[in-house]
Amino acid sequence: MNIIFLFLAVLAAIVAWWLSQQRITAKPWLEAGPSGDAGASSIPAAKIGLGLFLAIVGALFALLLSAYSMRMGMGEWRTAPAPKLLWLNTAALILSSGALQWAQVAARGRKMDGLRAGLLTSGAFALVFLAGQLVAWRQLDAAGYYLTLNPAAAFFYLITGVHGLHLLGGLVALGRTMEKAWRGAPVREVRLSVELCAIYWHFLLLVWLFCFGLLLLSDWTAPDGGLVSVLCRVF
Amino acid sequence: MVDIGTVEVIPPAEVDDVELYHPKSWVTKYVFCQDAKVIAIQYSLTAISIGLVALVLSWLIRLQLAFPDTFSFITPSNYYQFITMHGMIMVIYLLTALFLGGFGNYLIPLMVGARDMVFPYVNMLSYWVYLLAVLVLVASFFAPGGPTGAGWTLYPPQAILAGTPGQDLGIILMLMSLILFIIGFTMGGLNYVVTVLQGRTRGMTMMRLPLTVWGIFTATVLALLAFPALFVASVMMLLDRVLGTSFFMPSIVQAGEHLKYGGGSPILFQHLFWFFGHPEVYIVALPAFGIVSDLISTHARKNIFGYRMMVWAIVAIAVLSFIVWGHHMYISGMNPPFGFFFATSTLVIAIPTAIKVYNWVLTLWRADIHLTVPMLFALGFIVTFVNGGITGLFLGNVIVDVPLSATMFVVAHFHMVMGIAPILVVFGGIYHWYPKITGRMLNEKLGQFHFWVTFLGAYLIYFPMHYLGFIGVPRRYYELGETAFVPPSAATLNVFITAAALIVGAAQMVFLFNLIWSLSKGKLAGSNPWRATTLEWQTPQTPPGHGNWGKELPMVYRWAYDYSVPGAKQDFLPQNQPPAEAHQAALP
């Protein structure tokens, strides 16, 4: 459970920082009178909602990785090989995320052409990534590492599957953003949508790099030397 | 105190109408409605309905325990199905849904001075996904083989192996229902948290929030972070059951046949389950803590003692609740140093909870206590929570837990602390806010009858059960049969407990009758029958109209507990009353 603890520790630090901004040492019984504002931040509710959602999704993946590393620490562990194709998929996801960043910059500069090109490119690379993941599944399956072979293989399919589903959900949001960008919705609205998509994409990229790095590089996860087993021993 | 002479009144902010959702037809007003108040009622009615099923199941369980070999329709398989579904429904589909989906939806926007939740559409979806989860759960009763009988903890490997009732479809539907519940809850939870963060009206700082909102808010954060563990566990077990993976399944030889499973770890499931399971206790308890604080303060006409400490204690309990899950696994063959760690962290939780209990008691000290029905339930909660909490201190120690873990003592402990205690608050909360929701008071006489039978009855059920646990009566057993160590008097005691359980259950019908009867026949309540300070009692209409407030959002000038303020014209000062106005009339 080490990974989920690291994750929760980071969240706890954020919450502690936020609480420290809320004057939790105030003595409200002595302070009747108008108090300017409510202390709500000026960040749009949708953005805070997304931030909270990412914390939940982060907890989900941290738990999956925790389960993976715990199971690994229990012995009788055989890793599944990581298909080389995953490197290409990773590149596609990085490009997809980069294109959205580009779209976001274009949106800030009110350049609608750049924005639309960025959204399209991002969507296309995301689809490439998903297709690539499916091909990687088939390659693994063909190599004899089918879903029910052992826990390592099952974890590989599960984690990549859950990640892919989240990206698929992101594509729905991206589609709605595109619809707004092409319909010519107010720039402010489009800009917020693009920004939310970009945050989500960067987050999923980060999650993927964690999964890929921690789980699928076989030399890291070797029973005695890997990063995960080091973490297991430390905590 | 600020100088009341010089304070000027800041005009309340007007909010443009366009942001508001307006129902256009009967269907969007009462069925697919985005108004948090309607969603709250939908959540509550669904949760209470499915809770009644769990109540009937508990009767059947008790009948079997008191009169073994009497009822032909309660087979051993049925018995396990009953206890499984009773536990799962009560903990998740009733208490969690009712506190967060019911009370949360109704009270958060009103108490923070918002017109609605921040994402009303997602909020509506949340209810419908929850309803779907409940329907899938109900469907498992009618599935071939019946619902799962794996115990509410669903421990693998037995949960998905042949020989466990409901192994066919029951367990699949159970897991699917849990997954749906978590998805639905996440949608609602995002709303509750972001509304508290961003929906507060002007002047409503975090430290002016009523403790009810603090409790529900913190519990929701807890739930949002803890439910993913149950989600992961459910998905993995579903894959084990349906696709034949071995996340939780070791190599198993059953009836001489080697099953397809191998290489998984049942202990992994326990870790994931309890990583959710322990915070779940506080997901239910924290809203109860918050609501009880407000009930006590209002009905004792006294400000809550130690408001800041109450807030800090809520946050501290939430943090601690993530590092105690191992105390549910003392008998799983845990490393002794881990047991020591978990015992220590478990006992440490006693500190913030004790702070809360002392503060409630100190709030009551020399207060003007009105023994209204909500107050009775609140007082009942304090006593019951202390009782259940103290047996928790016993069980938190490894050396005490090991012999008691598989006995009725544990059943008595957790029913007191997270069954009876929170449900008393649910009742208290309903008696308290029913006038706001419907415009009419619940009948006082029936309410008192309901309280005394429920409260005393609960003690008649669970006090003897502690004793049964001490003499070694095991839990989970379909029947005791002939045993050397259980004296025959245990059977007599079981009959007594069952009689009490049947009576307490029947008393809940009086409550339901009261709910329905008072809807049309109850005394008219007026807008603020309890003379309470919080914003939900200051709405221009009762029940609050769509959008909660009139043209202007309320402006908050004070905390939620200005009761019996010296020199004020009334014994309570609503949160939206400007300081100048509050004291004017008091001057001669």
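**Exercise 1. Work out which share of the contacts in chain A with a separation of 6 or more joins residues 24 or more positions apart.**

Start with the contact rule: two residues are in contact if their C-beta atoms, placed from the backbone, lie within 7 Å. Next, take the contacts in chain A with a separation of 6 or more; residues 24 or more positions apart account for 79% of them. A word on the source: this is a predicted model, in which local features need pLDDT of at least 70 and side-chain atom pairs count only at pLDDT 80 or more, while totals for chains, interfaces and linings use all residues. Residues are numbered from 1 along each chain as its sequence is written, and chains are lettered from A and ligands numbered from 1 in the order in which they are written.

**Exercise 2. Describe the secondary structure of chain A and decide whether Val57(A) is buried or exposed.**

First, count the elements, where helices (H or I, at least four residues) and strands (E, at least two) are DSSP runs numbered from the N terminus. Chain A has seven helices and zero strands, in the order α-α-α-α-α-α-α. Then locate Val57(A), which sits in helix α2 of chain A. Now apply the burial rule: buried means 20 or more other C-beta atoms within 10 Å of the residue's own, exposed 12 or fewer, and partly exposed in between, with C-beta atoms placed from the backbone. Val57(A) is buried because 20 other C-beta atoms lie within 10 Å. Across the 235 residues of chain A, 40% count as buried.

**Exercise 3. Find what chain A brings to its contact with chain B.**

Begin with the totals: 40 residues come from chain A and 51 residues from chain B. On the chain A side, α1 (2-20), α2 (45-73) and α5 (151-183) each supply at least two residues. The most comes from α2(A), with 13 residues. Finally, sort that side by class: 28 residues are nonpolar (Ala, Val, Leu, Ile, Met, Phe, Trp, Tyr, Cys and Pro), four are charged (Asp, Glu, Lys and Arg) and eight are polar (the others, Gly among them).

**Exercise 4. Judge the confidence in chain A.**

Key:
pLDDT is the predictor's confidence in each residue, from 0 to 100.
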